[in-house]
Amino acid sequence: MKYYLALLFSLFSMTSLWAQDEVRIVSSTRGNITEQNSLSSINPVYSHKGHTMSADSGIFYKDQIGREFFEAFGNIVIHQSTGTLIYADKLHYEASTQTATLYNNIRMVNPNSVLTTNNLVYKMRDRVGIYTGGGRIVSQADTITSKTAYYFEDTQDAYFRNKVVVRTPDVKIYTDSMLYNGISRVTNFYGPTNIKGNKGENLYTEKGNYNTATGVARFSKNNLYTEGSRFLKGDSLYYERQSGTGKAFKNVVFVDTTDKFYAYGGYGLYNQGDSSITMTENPLIITVVKKDSADKSTPDSIAFKKETELNKKDKKSKDKADKEMVLTQQEELDKDGKKTTKELPKGAAVVPPAEDKNKLVAYDSVYTTADTLYSKVIFLKDYKPLHFNLDRNGGALEVEKEQDYGDDEDDEENAIDIDLPTDSSATVAIDSLPSKAIATAAKTAQVVKKNVAPKAKGAAIVKKTNDSLSIDKTLKQDSILRQKAVIPALAEADNQITKALAIAKTPDSTMALVGKDSAYRDTARTRIIKAYHNVRLYKSDLQAVADSAYYGMADSMFRFMGKPMIWSQGSQIAADTIYMQAVNQKLDNALLIGNAFMVNAVLDSLKFNQLKGRKITAFFANNAIEKIFVDGNAENLIFSTNDQTHTITDMFHDRGSRIKITMEDKKIIDYITVRKVDQKVYPFKLVTQENEVLPGFIWRPQDRPTSKEDMMHRKRGVEKEAIKPTADGQNKAENNAIKIEKKKEITLEEEIEEDEKTKEETSVEEKKEKAKELTK
């Protein structure tokens with residue numbers, strides 16, 4: 001009886017003390033005071049600062065400086081005022097700092113997430129949990145595992161460090177530093193990070209955020225999007241997984257290693273659905289072509305002066321030339337057919353002989369820019385090549401009807417402004433862990449069977465289920481997962497884009513795809529490129545400008561539209577539409593349709609050799625012109641010069657239905673005019689301002705790009721006046737002021753319709769000419 005009263009007195013004194021410190025025992029099955037002045041309890045329920053903690057057994061004690069602690073063992077349940085529950089096998093609690101250190105099979109549960117680990121320090125005052133020995137957080141559909149984590153209950157933020165792996169239904173994320181919010185499901189990255197999608201795509205960044213719920217990414221440092229052979233890099237990157245679109249801003253690079261395609265710009269829009277890229281803000285496409293190794297010099301100017309000197313008053317040569325002029329079309333074709341290869345089947349690719357392996361192959365770069373560059377990959381079966389059936393014989397005199405271009409989709413999109421995240425930090429000051437539990441006190445605790453202790457009024461006690469085996473298994477699996485995880489290295493984006501560019505800059509020696517069989521065409525894909533507005537092209541020996549352009553890799557054909565103009569050395573080429581085709585990465589042919597005009601400067605641009613017609617066809621060999629055919633009201637105007645005195649002697653004017661020029665080693669070796677031949681020779685003193693130029697003549701050297709840099713920073717000027725030479729040899733405008741209407745922007749499809757309309761009108765005019773001939 002005496003011992004019983006003493007025990008009650010001791011308990012009353014201690015509970016009074018605890019009440020003052022806001023620590024009290026709500027209930028217990030049995031209590032005992034040990035020799036170490038600690039209180040050992042069975043099934044205790046502790047309450048402190050609004051939090052309730054229960055266990056199978058517990059020991060309360062003080063250290064030498066008066067700090068209060070208690071140890072709890074078995075089926076630990078912490079019920080916080082916020083509703084969060086924490087389960088564990090063992091608990092060490094320090095009252096003064098409200099710090100709970102939990103061990104083994106720990107689960108921290110709230111409405112938005114579940115944290116699992118084997119060692120957790122939880123600061124109940126700040127509501128911050130820390131684990132350093134590995135753990136995971138499951139938040140809605142996201143599972144995050146890491147070596148270290150700091151969990152902020154108030155904001156539902158979690159800061160993860162060391163081997164962080166995030167698994168969602170759509171992606172897997174690998175990083176070493178990440179901040180995650182369980183409510184918004186936004187992940188913020190502060191180091192090298194890979195986000196791998198289920199379709200093989202990957203997002204790399206060193207700073208930015210990704211929303212696992214919406215699939216939206218905003219990156220701001222060393223960013224790279226990859227999908228198969230395609231790479232998109234930019235100073236800032238915005239990605240929407242739902243729509244499959246990626247937007248890159250500033251210093252944008254796009255590479256496709258399969259197509260040997262790469263481009264630069266200030267803004268890039270990538271569409272995952274059709275693998276298309278739209279680039280603006282000084283976009284630049286670079287295409288690699290072969291140069292003939294034997295041709296070490298730059299091509300000479302395109303000259304139309306015939307070697308036979310028909311403009312001379314040499315009767316013998318004139319009679320010989322006249323005889324050639326009256327050859328019929330069939331006779332001409334038969335004659336030429338013996339010297340040239342036969343016509344290829346419709347749709348077949350023109351393939352030159354195989355390259356000599358011992359011959360050094362050099363490459364040249366073709367630079368293309370415009371206001372907007374668009375490119376995408378399509379099925380080869382959907383590509384509609386232009387079958388002009390060009391024949392190095394020249395073919396029939398009748399102009400063929402123009403065909404459709406092929407792909408006619410237009411996917412331009414404007415850039416949008418993205419507010420990228422600013423710098424933020426997520427650091428937590430971690431206090432030193434509390435003292436270890438007193439070993440002797442732990443030994444005196446009697447662990448009883450799991451019985452629900454009678455709880456005091458108002459106390460909420462929740463006992464956890466026995467899931468320690470599943471938690472242990474899960475944590476082991478997470479540990480193996482982290483060991484196998486490949487965390488990206490710093491500057492990985494730069495390394496990947498450098499390797500991709502190296503591959504793209506090494507062309508393949510493959511033939512065109514147009515001639516492949518139907519089974520191959522059903523599955524094969526090819527890339528097309530569209531350029532809109534202010535198109536400029538620069539190559540070391542060729543430059544071009546146009547309003548729009550189209551290029552198909554299947555047949556390697558450039559299509560320039562909207563007042564296109566091409567320069568090669570001292571020559572200028574213009575037409576309503578210009579087609580240029582490469583074979584085996586070498587220029588093979590060019591077709592000028594509608595008001596075709598070729599101009600070559602003579603003697604410092606004082607006079608001009610001119611060649612015009614409704615259609616001009618040129619064939620190339622070793623990157624030099626081999627044959628030229630001018631059809632439809634063909635005209636040639638040539639100034640003959642004295643090589644010793646460097647003066648012009650006379651002018652030759654030639655007209656006919658067709659003019660054929662054959663060149664070898666950049667020199668004219670054959671010149672033929674067919675049908676309706678009309679030739680005149682003018683002594684230089686009889687050359688006037690009216691007859692020294694052909695109708696439609698224009699000379700615009702100021703529009704010609706002089707370098708890659710010039711091409712990027714200067715657009716073609718507005719055509720205010722046509723430059724024509726005066727009688728005294730000085731270049732002077734025919735009119736001082738010609739008003740020009742403001743150019744209207746038209747789409748690629750509208751330009752095609754205009755070209756077709758023009759050619760239909762041309763065909764009607766030709767039919768009228770034939771009718772007149774039959775009448776005569």
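## Exercises on burial, backbone and cavities

At 11% relative accessibility, R185 counts as buried, where buried means under 20% relative accessible area, exposed over 50% and partly exposed in between (1.4 Å probe, protein chains only). The model is predicted: local features need pLDDT of at least 70, side-chain atom pairs count only at pLDDT 80 or more, and totals for chains, interfaces and linings use all residues. Residues are numbered from 1 along each chain as its sequence is written, and side-chain values use heavy atoms, with hydrogens and water left out.

**Exercise 1.** Describe the backbone and the setting of R185 and K563.

*Solution.*
Step 1. Most residues other than glycine have a negative phi.
Step 2. R185 has a positive phi, near 60 degrees, and is not a glycine. K563, also not a glycine, has a positive phi of about 55 degrees.
Step 3. R185 lies in the loop between β16 (171–181) and β17 (186–189); K563 lies in the loop between β33 (557–561) and β34 (565–568). Strands (E, at least two residues) and helices (H or I, at least four) are DSSP runs, numbered from the N terminus.
Step 4. R185 is buried at 11% relative accessibility, whereas K563 counts as exposed because its relative accessibility is 51%.

**Exercise 2.** Determine which residues A504 meets outside its sequence neighbourhood.

*Solution.*
Step 1. Locate A504 in helix α6 (residues 492–504).
Step 2. Its relative accessibility is 1%, so A504 counts as buried.
Step 3. Leave aside neighbours within four places in sequence; A504 is then in contact with V255, D256, K260, F261 and Y262, contact meaning heavy atoms within 4.5 Å.
Step 4. Take D256 from that list: A504 and D256 are 248 residues apart along the chain, yet their C-alpha atoms are separated by 6.9 Å.
Step 5. For the whole protein, 55% of the contacts with a separation of 6 or more join residues 24 or more positions apart.

**Exercise 3.** Characterise the largest nonpolar core and the surroundings of I78.

*Solution.*
Step 1. A nonpolar core is a set of buried Ala, Val, Leu, Ile, Met, Phe, Trp, Tyr and Cys residues joined through side-chain atoms within 4.5 Å.
Step 2. The largest core has 93 residues, and I78, L91, L102, F160, L232 and F560 touch the most other members. Strand β32 gives the most to this core, with 5 residues.
Step 3. Beyond four places in sequence, the contacts of I78 include L85, I86, L91, L102 and M124.
Step 4. A second, separate core of 18 residues includes F231, V288, L501 and M711.
Step 5. Buried residues make up 52% of the 776 residues in the protein.

**Exercise 4.** State what lines the largest cavity, and its volume.

*Solution.*
Step 1. On a 1 Å grid over the protein atoms alone, a cavity is a set of points where a 1.4 Å probe fits but cannot get out; lining residues have an atom within 4 Å of a point. Points are joined across faces, edges and corners, and a volume is the space filled by probe spheres set on them.
Step 2. The structure holds 6 cavities of 30 Å³ or more, and the largest contains about 90 Å³.
Step 3. Its lining consists of I285, T287, T368, L373, I529, A531, A549, Y550, Y551 and F558.
Step 4. β28 (284–291), β31 (525–539) and β32 (542–552) each supply at least two lining residues, with the largest share, 3 residues, coming from β32.

Terms used:
On a 1 Å grid over the protein atoms alone, a cavity is a set of points where a 1.4 Å probe fits but cannot get out, and a pocket is an open set with protein on both sides within 12 Å along at least five of seven lines; lining residues have an atom within 4 Å of a point.
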